[in-house]
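Dear colleague,

Please find the structure below, together with its sequence. My notes on it follow.

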Amino acid sequence: MKKRSMLLSLTLLLTVSLVTACGGGGNAGGNTGGNAGGDTTGGSANDPSQLIVATGGTGGTYYPLGGGMADHITKNAGVTATAQSTGASAENVRLLRDKQADIAFIQNDIAEYAANGTAMFEQDGKIDAFQALGSLYDETIQIVVAADSNINSVADLKGKRVSVGSPGSGTEMNAQQILEAYGLKFEDTQLQRLSFADSAKAIQEGKLDAAFQTAGTPTAAITELAATTGVKIIPIDADKIDAIIAKYPFYVKTVIPGNTYSTVPNETATVSVKSMLVIRADLSEDLVYKVTKAIFENTDKLGHAKAKEIKLENALAGVSIPVHPGAKKYFDEKGVK
């Protein structure tokens, strides 16, 4: 009898344990909405088992940085993450909206267009499926030509074969606004819409006269082109910079230091926008907190020169859209405002 009583007790205990495990809500925390503190910051059924990080072309800055971030998310946030090459900012927003990606690199100007349903998002309407994860670094508009080109000013681009980036990209919008400051439209050029890597290849092969590239400096595709064919970076005139910023205040004055590229010894005046990370708004606060922590506490291990410019204290600089509660929780803990 004693043995049977003990066996019955063990059986009941095992049954209770199994019921608790099976009915706990499907995540490591044992529920979908609560945690030990009794709030609603736990995991969610909306949280995927793998996160896709939408980046940009393989010749830009987003792709290698995104790969490094995905590695640290995988190691530190308890979820697998993978970087994916894309058409960059505008495409990335739509990928988040359609749940084809979970985290994305984007320019701050494009984030604002998407949130307001303006510019290239007029047909989409306002997109509220994403929120800010954090600001990263300045993205510099670089107008690239071959070293022996007779193009020396933006005004010289009239009638030339000019690439303005992938269709719907942030680079495309930047190019339009800069040409506008010089009284030019896309129709005034022999327009092409090529990725960073394809633009560099076309310049090297003599099939393209100039390319706009909006990316952190140094940009891999331009570095490689400088080492093979040689490049010049076309400056933007001071009065045009002032006019651009007056009309589009998300731009800032920027100087590309001399020798950033091997064949460009002198500094170059231009403008920049801000790069940032955005994330699906429907992901749980707990997951986004862990992802934010994994990224901003490992920026020194990303293996890219641009990572040195990512500073925790600047994580909210240039952010004009709502910040995800999970990211906000982390920044509040760190005193970031």
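In which loop does Pro 218 lie? Pro 218 is in the loop between E7 and H7. Here helices (H or I, at least four residues) and strands (E, at least two) are DSSP runs, numbered from the N terminus. Pro 218 is joined to Thr 217 by a cis peptide bond, with omega at about -5 degrees.

Before the remaining findings, two remarks on the source are needed. This is a predicted model, in which local features need pLDDT of at least 70 and side-chain atom pairs count only at pLDDT 80 or more, while totals for chains, interfaces and linings use all residues. Residues are numbered from 1 along each chain as its sequence is written, and side-chain values use heavy atoms, with hydrogens and water left out.

Thr 171 belongs to helix H5 (residues 170-181). With a relative accessible area of 5%, Thr 171 is buried (buried means under 20% relative accessible area, exposed over 50%, partly exposed in between; 1.4 Å probe, protein chains only). The side chain of Thr 171 reaches the backbone nitrogen of Thr 214 at 3.3 Å. Not counting residues up to four places away in sequence, the residues that Thr 171 touches include Gln 107, Phe 196 and Thr 214 (contact means heavy atoms within 4.5 Å).

Helix H6 (residues 196-204) has Phe 196, Ser 199, Ala 200, Ala 202 and Ile 203 buried. These residues lie on the same side of H6, because they cover an arc of only 165 degrees around the axis (the arc is that of the directions from the helix axis to the C-beta atoms). The partners against which the buried residues of H6 pack are strand E4 (130-146), strand E5 (161-163), H5, strand E7 (210-215) and helix H7 (220-228). Gly 206, which follows H6, has a positive phi, near 75 degrees.

Ala 88 is found in the loop between strand E2 (80-84) and helix H3 (89-97), and counts as buried at 16% relative accessibility. Asn 259 is in the loop between strand E9 (252-256) and strand E10 (268-280), and is exposed, with a relative accessible area of 55%.

Lastly, Lys 311 is placed in the loop between helix H9 (285-296) and helix H10 (325-334). Lys 311 counts as partly exposed, at 36% relative accessibility.

Yours sincerely

Definitions and conventions: A polar contact is a pair of N or O atoms within 3.5 Å; within protein, one must be able to donate a hydrogen and the other to accept it, and residues adjacent in sequence count only if both atoms are side-chain atoms.
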